[in-house]
Every structure is written in structure tokens, then in C-alpha cells.
Amino acid sequence: MGDIKLNTTSITNLKLGDTQVASVYLGNTLVWSNVTYTYPLNGFPSYHAQSLRKLYSGYTGYCLRVRRTTTAGVTTLVDVDFDNNNTISLDSPISIPTFGSTSAINLGQFAASTTGTVYSNPDNVTINQSIYVTIWYDQSGNSKNVARGTTVVNTGQPFIVTNGDLEMAGGQSAVRFNGAQYLFLTDTSIPLTNISSYSVVTPTQQENGNSNLGGLKLGITSGVNDYYVPQGAAFAYVNLLVFAANDISRVTNQTKLYSMIVDPSIVFAYRDGSISAPTSGVVPTNPTMTSNAIYVGSGAVGLIGYVSETFSLTGATSEPNNLLIESNISERYSLWDNTYSGLCNTYPNPFHAYSLRRLRNNYTGPCFLARRLVGTTTRNVFIFFDSNNTISLDSPIVPQYTLTDITLATNLGGFANSPGYGNPDGLTGGATINVIQWWDQSETYANDGTTGNNIIEKIANQPTALKQPILVSGGTLQTKDNKVALRFVKTNGNYLAVNDTTGSLNNLSTYFVGAFSASTTINTGYSLASVTSSKFFTFPFLSGTTTYFGYSTSATAIVDTTIFTTSRKIWSLLSPSPLNGAVAQAWVNGSSKGTNTLISGADTTTVKIGIGGNSGASGTNFFDGFIQEIVCWPTLTTITSDSIRQAIESNINTYWGVYP
């Protein structure tokens, strides 16, 4: 149904009160809309383009060829067209069969589906059939269709309908792969250079150590120059580790947009619209090599999950065009909310960004990886931001490992057995939830400290259970001044840390929101420290009842002369460049606390980040109190004007309500 009618008149303007209704759905099917459909690739030529929506207005072919094999062993193949909404649904028309016979006129009838809408069963087959994809047609006009076993039953064919249910991911129809399934094309005309590849992928299973996320593969069969977008925990991957950007934040059932742009020999990688890799020095082994294989669902490492669309453009896109394409994809699959604007949307590209609120709209990863220990049973879950872009007991959770971190809870309150959230896991009393990792929302990258060349995110980590800070205690969310907070306990030695070889102690602008819980000696909240020497900045640093910050081993610390209090504060430190002998500026709650002369001697570019401890990964002088947000920008040239500093602090204070 394409229109809503009043008697015989189509409704063209539908409102609820004064609000214009853009679209009306019945279940997952769009039945009416006053929004003009946008063809996302009009004006962008591609090498290949597979999608379950129309990508080009001029494309007139089918979307899929599919197979139905009944329990009686009768196989029928038909072509599936786009429905009136330019997508694939159970209402999608089907063609005259190319193999076998059917009287069905749409995909729902062909599947004899009784899930949701009941479709007629003209072929009188068993109800709720499964439908397999044998060909995914190319919309580029280049006839680069990917296929597998097009005329026979093949266990390697992915699903579009399972037991009468249309496969869905990201709120839209999708093709589901089970690890052994893939579609491919032998092709010698796609170069591995000067391409822009985009893949919308949803993994449905994640196990410790697996790499079950091969979405799109372009490569030669010898495996020398395979590009994967993505593969396993990596994306924009080139064989022989020439280039790989890691995605260790991947979780089950989370739809993501992966993009790889090669221009012409430098690889740029994006995840959910965020640049996620170096922009130079990344060159394939043989940049003139052409591809003789396209795999969707991959081949060597099969995807366990969904592909909604994947395409490769004929040339590397400009930044404005890349943003235009990714914005369209984001809106289609509800990847991020473009109406929301966080602190790091206004002031982008931080060096690192840890917070209990979402700091930018296209950050779609978790806030925490957290642990619950009940008796001898440990469960690890990712905790995501709630609908208000913060952390609460309503925050959604996802098990870290599907088959081992088993829980019936869907939110933090249920996982912690908090009052009013039921008790889905049958716990006795409220649970305590400790944080293993605090995710960096900047999505800048650091060295992993092991191989010297793998790229990972600056995720603050604590592998030792006794040292992990507290998010929920006895079913009660930790708060400070009625705002959610992460609790660090000095006597437990709580801290989180990450190594980083890409940063520098030079030229930083840092904002820290937190509060001490008691007046104790040697009590440190945050530090940036040199890995190779003793140079470090530490703040706030409490000794007795005096607060220091901007502290280093070879310089006089700035003193916060304000009477000691357990109330929250915003501590700000701006360090110039070069670091040698320069003067840092410091503020508390927007008031200047003076300057100090910084470390002498050459700075190192190897840095540790310590949260709750003063020496990064080793952590000796521990914090006792609450931390809500730490954001650090890597340059003073655009951040340190007083008006910008005031604007940043105003944003922080407005949200957290630190001072009047």
C-alpha cells in the first residue's frame, strides 16, 4: 500500500496537532510518506553496488534472485523487485520463476509467511518458508552481480527470509550470513587503488578471539592484496598487515557503517562517520594490482551477521561527498542522531574524551565494558548511552561474549537487580558493577604497546578486578550531586590507564570534572605521563587539604587555594608548545589559579593516560572520589583563546551543574 486514502482521496498532509507526520508504518512496512525518496548514489559512479534499497534512480533491474526449497525437496527460483518504497519487504513483487514454478506474486506469498501480516499461500507449501539469496544484483550498471550456486541448492547461500520472517538489521531489511555463507564474483576490472568502499554490517555473534566479521572483500585470489571492509576486529584491512584499523568496540547486533577510501595509495578509514586511522604512510604492497574477486560476506573469514548494503565508488570521494553519503546511510539505518550535538561536535578532534554523557552524535560505541561478579560467576557486558545520551539504569547492555556472558537483562538496572527493574537473572540482592574499560569517544588511536604497529583506540583499561572502579554498588547507581559518576576508591587502588605512542605532553588543553570524597594524603585524579621518563602532569592532586594541579616532577605545581571541599569542580589546564620551560595556565570552576613553569628538557611523544592514578599504567597515588568527564584537546591554537575556554567550560558546567 503506497497511499493512505480518505474514501477515494489520497491524504497529502497528515498532522498530529501541529506536528507534520512524515511517514506511517504498519509493523516494519512503510505504507505512506510525504518525504521524497532520495537515491543516495545519484551522481556517484560505482564499480559495484549491492543494497536492499534502490541506490540509483536510473536502475530498473531486480534486487535479488532467491531460492525456496520445500520440505518435499522442490526448488523454485524467482527474482525479487523493489517494493513501492524502493526497498525489499514481504510485499516486494517477484518475477516469473527461472527454475521451478509458483503462483505467488510477492515475497510474502512465496514464503507462505504468517508472521505479522498473513500472506496467502497459492502454492500450498508448508507455511513460513526460508528463502535463500542466490544472486545479489549489482546496481552500478556494470553487471557485477555476486552469486553462489544460482541453479542448485547450496548451503553457502545467505538468507533473506527465515521461517517466514523477513531478515532485519538496523531497522531495515538485510541479508543474513551464518559464517559459511557468502556471495562472490570473479572480476579482473576493479583496481585496489583509488576506490571508496562503504559497508553497512551488523554482527550477531562475538566470541573471545574470533574474527567472524568479513563484510566486503576485494582482492586477488592469492591473498596478497586483499582489502576487507571490515574483517573481524579490523576494518580497511590489507593483507600482510600493510594496513589495519582495529574496531575492538564491535558488539553483537550493533549496526555499523565502515568506510575505506584509498586516494590513490593512502588509506583513510572511517567507522560510523569518524576518521579512524592514520592519513599517510599506508601503501598497499602492489598498488597497481587489480582484483579478480569480490566477496560479500567474505570467503576466508565468514560473517556471522548481516549486510544491508555495500558498494565501491570509482574514485576516492572528497570529504564533503563522503559526509553526504555517510549522512544518508546513517539516516537510513538509524546509526546516529544528526539532530543531537555534543561538546565534541562543536569542538571536534579531541586527543581523548572520557565521559558519562555522549560527547558527539556519531559516537555509537559503548561507554563502558563492565563486570558483575555473583558468587564465582562473572558476566561482562557493554553499557551504552540511554535515550537521553547519558548513563542510567535504563542504559542498554550487550554481553561481551555471546555464548559465555549470558544474561536475560536488557538494561543496566536489570543486570544489577536494581529496585523496579525486575530480577531477570534471579539474583539475591542488588549487584555491584565494576568498570573494566572506559571507552574513548574521540576515536583517535594509540599504539597497543605490544607489536609496535597495530592501531587501537585509547580505551582506558583495568584488567585487575580488585582495581576496577565502581559504577553500581548493591544495585544503586553511583552519583555525585544527583549526577551519575564513576566511583574510585583509594584503598582499593582503583585506576584506569592506556599507553599511547601517538601523543605528546606538549600543547594540550584538558578539562576534568570530578570531586574528592574525603581529605586524604596523596590522592590523584588524572595524569598524562611520559613512558620513557618521569615527566608527567597530574591534577587534581590532593595532599592533606591542599589541591595541586599542573604538577610535574621538575616544576612547582599550581595550587588551588580554595578551601578544600568534597563538592565537584571543573579543573582546567592548558599547556603550551613547546613544553620546555613554558608556562601553563590553570582554572578552577572558571576562575584563574595562576601559572607555573613546566618541565625542562625535551619532551617525549610516548604518553600514558592515567585515570585515578598518577603514573599511567602503573598507578601509585590513587584517587578517592568521583569522576564524570575528562576531555583533552591536542592543540592550543584553536582551543586556548579565553572565549573558547569559557565556551567549553560553560557547556560542561551547564550539563553537569558544577557551579552557579
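Start with Pro 40. Its relative accessibility is 10%, so Pro 40 counts as buried (buried is under 20% relative accessible area, exposed over 50%, partly exposed in between, with a 1.4 Å probe and protein chains only). This is a predicted model, where local features need pLDDT of at least 70, side-chain atom pairs count only at pLDDT 80 or more, and totals for chains, interfaces and linings use all residues. Residues are numbered from 1 along each chain as its sequence is written, and side-chain values use heavy atoms, with hydrogens and water left out.

Where does Pro 40 sit? In the loop between strand E6 (29-33) and strand E7 (46-51). Helices (H or I, at least four residues) and strands (E, at least two) are DSSP runs, numbered from the N terminus. Leaving aside neighbours within four places in sequence, Pro 40 touches Arg 53, Lys 54, Leu 55 and Asn 328; contact means heavy atoms within 4.5 Å. Glu 326 is 286 residues away in sequence, yet its C-alpha lies 9.3 Å from that of Pro 40.

Next, helix H5, residues 642-656. With 15 residues at 1.5 Å each, it should span 21 Å, and its end C-alpha atoms are 21 Å apart, which agrees. The expected span is 1.5 Å times one less than the number of residues. Which residues of H5 are buried? Arg 645, Ile 648, Glu 649, Ile 652, Asn 653 and Trp 656. They cover an arc of only 130 degrees around the axis, which puts them on the same side of H5. That arc is taken from the directions from the helix axis to the C-beta atoms. The face turned away from the buried side carries exposed Ser 643 and Thr 654. After H5 comes Gly 657, with a positive phi near 60 degrees.

Now aromatics. Rings of Phe, Tyr and Trp (its six-membered ring) pair if their centres lie within 6.5 Å; planes under 30 degrees apart are stacked, over 60 edge-to-face, the rest tilted. The count is 22 aromatic pairs. Phe 184 and Tyr 295 have ring centres 5.5 Å apart and planes at 20 degrees, so they are stacked. That pair links strand E17 (residues 183-185) to strand E28 (residues 294-296), 111 residues apart. Phe 184 is partly exposed at 31% relative accessibility; Tyr 295 is buried at 16%. Phe 382 and Trp 439 are edge-to-face, because their centres are 5.8 Å apart and their planes at 75 degrees. Phe 382 is buried at 2% relative accessibility, and Trp 439 is buried at 2%.
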